[in-house]
Protein chains: 2
Amino acid sequence: MERNRVSMATGSTQVPEVVVLRLPLYVRALTQMRDDGTSVVSSQQLGSRLQMTPAQIRKDLSYFGRFGKQGRGYNVEFLLQELGQILGLDRRWPACLVGVGRLGRAIINYPGFAPEGFHILAAFDSDDEHVGDKVGDLDVRPMALLKDTLKRERIAIAIVAVPAHEAQSVIDDLVECDVKGILNYAPVAPQVPMSVVLRNIDPVLSLQSMTYYLLDEDYEI
Amino acid sequence: MERNRVSMATGSTQVPEVVVLRLPLYVRALTQMRDDGTSVVSSQQLGSRLQMTPAQIRKDLSYFGRFGKQGRGYNVEFLLQELGQILGLDRRWPACLVGVGRLGRAIINYPGFAPEGFHILAAFDSDDEHVGDKVGDLDVRPMALLKDTLKRERIAIAIVAVPAHEAQSVIDDLVECDVKGILNYAPVAPQVPMSVVLRNIDPVLSLQSMTYYLLDEDYEI
DNA sequence: ATTGAACCGTTATTTCTTTCACAAGCCGTT
DNA sequence: AACGGCTTGTGAAAGAAATAACGGTTCAAT
């Protein structure tokens, strides 16, 4: 039973989560097309770019409004703007990181977040040995300062990069501090209340399902 | 008659991909249960651990065989072994990495792959500046050596960690060299032939769909 | 003007997934 | 050896999602 948030402009229609998961894909493709100088695109073109059927793209977009023009297609700039608004990409999203081990440091230094509006404003670690370190231009703080910092900096998103065995307890702390979204890099399937949005990043799981399809190949043992 | 794990590529029952994607989740939960000393588990228990219905778990498993015992549940050790065999986790998977920038280096040093059987045996970079560097205990090689190395080391899996604008061309090279599976960290949606299994790791996409659900919250602009 | 090719938005249809429900089997207890 | 509490495996039913189909609009070319 999925309790979901209230819709925005559209009102009554509940948008399936699979659809929401695809929107960022559209945003990315459209951005690139815009940068290539394309000003109008059809569901056909967008679909062949993303390997999906035009019907699916039109259907997905129709959950949110009518953005196209019959006979023409979609204005790239306009659609981008609309999708950005729908997804909340037209604003800054302050975030924090928990766990400044090797992975955490790589995440802080990853240059891909900021251009999309995701700004890591604080870093925490439960290990006193790391507290006080300088990572990027952040000072690593103790977990005790979590609540204060999140409130002061209006941080709603946390990125978790702690060892597997600490993940659930760290995530419990974050939930307790009213974090609304968690991007979890630890190889576990954490429990969170339904009001918190959880996304897992787990390359090992990806590989483990990949190998199923690789078994037929003649790379014998 | 027993349906064999390796022979089902063209076999009668095609297993839905969603099911295959869930198997690693089961493996992980079962592994942890085993380490906690649990020897028998019911679909009920496993389901509540993973937040899914018992029926789904039973159905998923039934695609591959009959592993449980009525009135008892599943023998953890046995089920783990079976799932490992089905997914091909009972063997070593040699892999290579392309792109030894910051992200690539973090991947090479990530200690989570090897324990699961994924071994990065070679690293490549198209930038001559990086070629010859020592990363972890790997020497960075030029792309020209790709084909030779993959063949010699029997590498079927490649991990791609190059900048977005290079990704498609690198992936084309890998396909050309008969790579069968690609784990792509570049923020693009690459095209690959159907015979190649592609998995994308993309934290930005995850965040961009997360924010949709965060908009209702009272973190107003 | 008129035609025709291109394309959207939406309803209808098909396909895919999940859940239900129950016969059949296991096990401890009496 | 029979009972009762559990649990699996599986068809059938229900629910979701993807695709097809089509009326209606746009625009360029004639």
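**Strand 5 of chain B and the contact between the two chains**

Strand 5 of chain B runs parallel to strand 7 (residues 138-142) of chain B, and 3 bridges join the two. Strands count as paired here if DSSP finds at least two bridges between them; the strands (E, at least two residues) and helices (H or I, at least four) are DSSP runs, numbered from the N terminus. This is a predicted model, in which local features need pLDDT of at least 70 and side-chain atom pairs count only at pLDDT 80 or more, while totals for chains, interfaces and linings use all residues. Residues are numbered from 1 along each chain as its sequence is written, and chains are lettered from A and ligands numbered from 1 in the order in which they are written.

Within the pairing with strand 7 of chain B, B:Asp125 has B:Pro142 as its bridge partner. Strand 5 of chain B also pairs with strand 4 (residues 93-98) of chain B, again in the parallel sense, over 6 bridges. Here B:His119 of strand 5 stands opposite B:Pro94. Together with helix 5 (residues 102-109) of chain B, strands 4 and 5 of chain B make a right-handed β-α-β unit; right-handed says that, with the strands pointing away from the viewer, the path from the first strand over the helix to the second runs clockwise. Strand 5 (residues 118-125) of chain B is mostly covered, with 6 of its 8 residues buried. Buried stands for 20 or more other C-beta atoms within 10 Å of a residue's own, exposed for 12 or fewer, and partly exposed for anything in between, with C-beta atoms placed from the backbone.

Turning to the contact between the chains, chain B puts in 51 residues and chain A 52, where contact calls for C-beta atoms, placed from the backbone, within 7 Å. Helix 8 (203-214) of chain B is among the elements that give two or more residues to the side of chain B that touches chain A, and so are helix 1 (17-35) and helix 5 of chain B. The largest share, 12 residues, comes from helix 8 of chain B.

The same surface serves both copies, as 98% of the contact residues of chain B recur in chain A.

On the chain A side, A:Ser209 sits in helix 8 of chain A and touches B:Val20, B:Leu21, B:Leu23 and B:Pro24. A:Ser209 is buried, because 20 other C-beta atoms lie within 10 Å.

Terms used: Contact = placed C-beta atoms within 7 Å. Lists of a residue's contacts leave out its neighbours within four places in sequence.
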